[in-house]
There are 2 protein chains.
Amino acid sequence: MAALKYSRQRESIKHYLMTTKEHPTADMVYMHVKQDFPNISLGTVYRNLNLLTDIGEAVKISTPDGGYRFDGRLEPHNHFLCTKCGRLLDLELDMKSIEEVNRLAAENFDGIITSSSTLFYGECSDCIKKS
Amino acid sequence: MAALKYSRQRESIKHYLMTTKEHPTADMVYMHVKQDFPNISLGTVYRNLNLLTDIGEAVKISTPDGGYRFDGRLEPHNHFLCTKCGRLLDLELDMKSIEEVNRLAAENFDGIITSSSTLFYGECSDCIKKS
DNA sequence: TTAATTACAGTAATCGTTATCATTATTATA
DNA sequence: TATAATAATGATAACGATTACTGTAATTAA
């Protein structure tokens with residue numbers, strides 16, 4: 001079972017994820033944590049991001065461009081991807097709405113739906129202002 | 001603008017996508033088309049899958065495991081990923097429901113939502129039977 | 001304080017995908 | 001038709017993101 005051992009690097013990664021709203025990629029996490037640990041290895045970042053995801057202290061989001069983004073927000077919520085600037089933002093959708101969607105989907109489906117994740121697309125407010 | 005030229009390989013790929021319900025990966029497409037074109041190159045498969053996606057004759061779906069699946073069904077629809085067997089299935093959700101979800105999401109969001117894509121998780125009917 | 005074990009940094013390996021390039025197939029035109 | 005132009009191919013090299021490996025350092029338990 002391999003008991004978990006404290007590490008300052010992991011704490012730093014976790015703290016960054018919990019305080020940022022950037023939904024960073026592994027490389028963005030690496031760049032950031034490098035400020036405190038100049039010779040941290042990219043492998044350490046990956047190892048810990050996956051570890052945190054496994055123990056439920058981070059969420060791994062796969063984006064349409066292939067790669068992953070990481071999120072320290074653990075409550076179920078959805079995301080919005082701006083098709084202009086590419087930013088990934090949080091999008092609130094109350095539990096009732098989420099459950100309603102799952103219920104609608106279950107109507108025409110021959111299995112059990114336990115959860116769902118929606119990615120919304122469009123133009124974010126910043127991009128609208130600029131145009 | 002590079003005019004498109006016919007190719008038997010591309011037709012074969014397109015035909016397979018339109019007739020299968022498997023939501024194949026690039027490699028699965030490669031394996032299949034290889035039966036008709038034994039020395040087709042994997043690069044050709046990728047090139048054509050991306051081309052078909054670009055001209056709107058195929059859809060590229062990114063899955064939580066990182067990779068992509070391809071779909072010949074062009075009407076907007078959603079997908080279900082079985083957490084037991086890993087199969088990716090179609091899931092019908094009428095346009096009204098999809099629009100309703102987008103409307104609900106827009107309520108708490110400061111931008112324009114043009115579309116959305118939901119991936120549902122749970123257990124498919126086959127896996128339920130087996131347990 | 002020592003022994004056991006996990007995490008680390010650094011680096012090599014892996015995997016899916018793209019890019020390159022010389023050759024072949026398709027299309028337009030003479 | 002025959003020819004010329006150009007897009008597509010197969011083969012292979014290159015790429016970027018992620019994972020695996022290894023010897024050393026840090027953390028924890030005895």
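## Meeting the DNA

A residue counts as near a strand if one of its heavy atoms lies within 4 Å of it. With that in mind, let's look at this predicted model. DNA strand C is surrounded by 21 residues. The closest are Lys5(A), Ser7(A), Thr44(A) and Arg47(A), together with Tyr46(B) from the other chain letter.

Three helices each supply at least two residues of this surface: H1 (8-19) and H3 (42-54) of chain A, and H3 (42-54) of chain B. By type, the surface near DNA strand C has nine nonpolar residues, seven polar ones and five charged ones.

## Backbone and bases

You can look for an example of each kind. On the phosphate side, a backbone N or O atom of Asn39(A) sits 3.2 Å from a phosphate oxygen of DNA strand C. On the base side, an N or O atom in the side chain of Ser41(A) is 3.1 Å from a base nitrogen, while a polar side-chain atom of Lys5(B) is 3.2 Å from a base oxygen.

## A cavity in the protein

The structure also holds one cavity of 30 Å³ or more, with about 40 Å³ of space in the largest cavity. Its lining is made by Asn78(A), Leu93(A), Ile98(A), Val101(A), Ser116(A), Ser117(A) and Thr118(A).

Strand S5 of chain A gives the most to this lining, with three residues, and helix H4 (95-107) of chain A supplies at least two. The lining divides into three nonpolar and four polar residues, with no charged ones.

Note on methods:
Residues numbered from 1 in each chain as written. Chains lettered and ligands numbered in written order. Predicted model: local features only at pLDDT ≥ 70, side-chain atom pairs only at ≥ 80, totals over all residues. Heavy atoms only, no water. Polar contact = N/O pair within 3.5 Å; in protein donor to acceptor, adjacent residues only side chain to side chain. Helix = DSSP H or I, 4+ residues; strand = E, 2+ residues; numbered from the N terminus. Nonpolar A, V, L, I, M, F, W, Y, C, P; charged D, E, K, R; others polar. 1 Å grid on protein atoms, 1.4 Å probe; cavity = no way out; pocket = protein on both sides within 12 Å on 5 of 7 lines; lining within 4 Å. Points joined across faces, edges and corners; volume = space filled by probe spheres on them.
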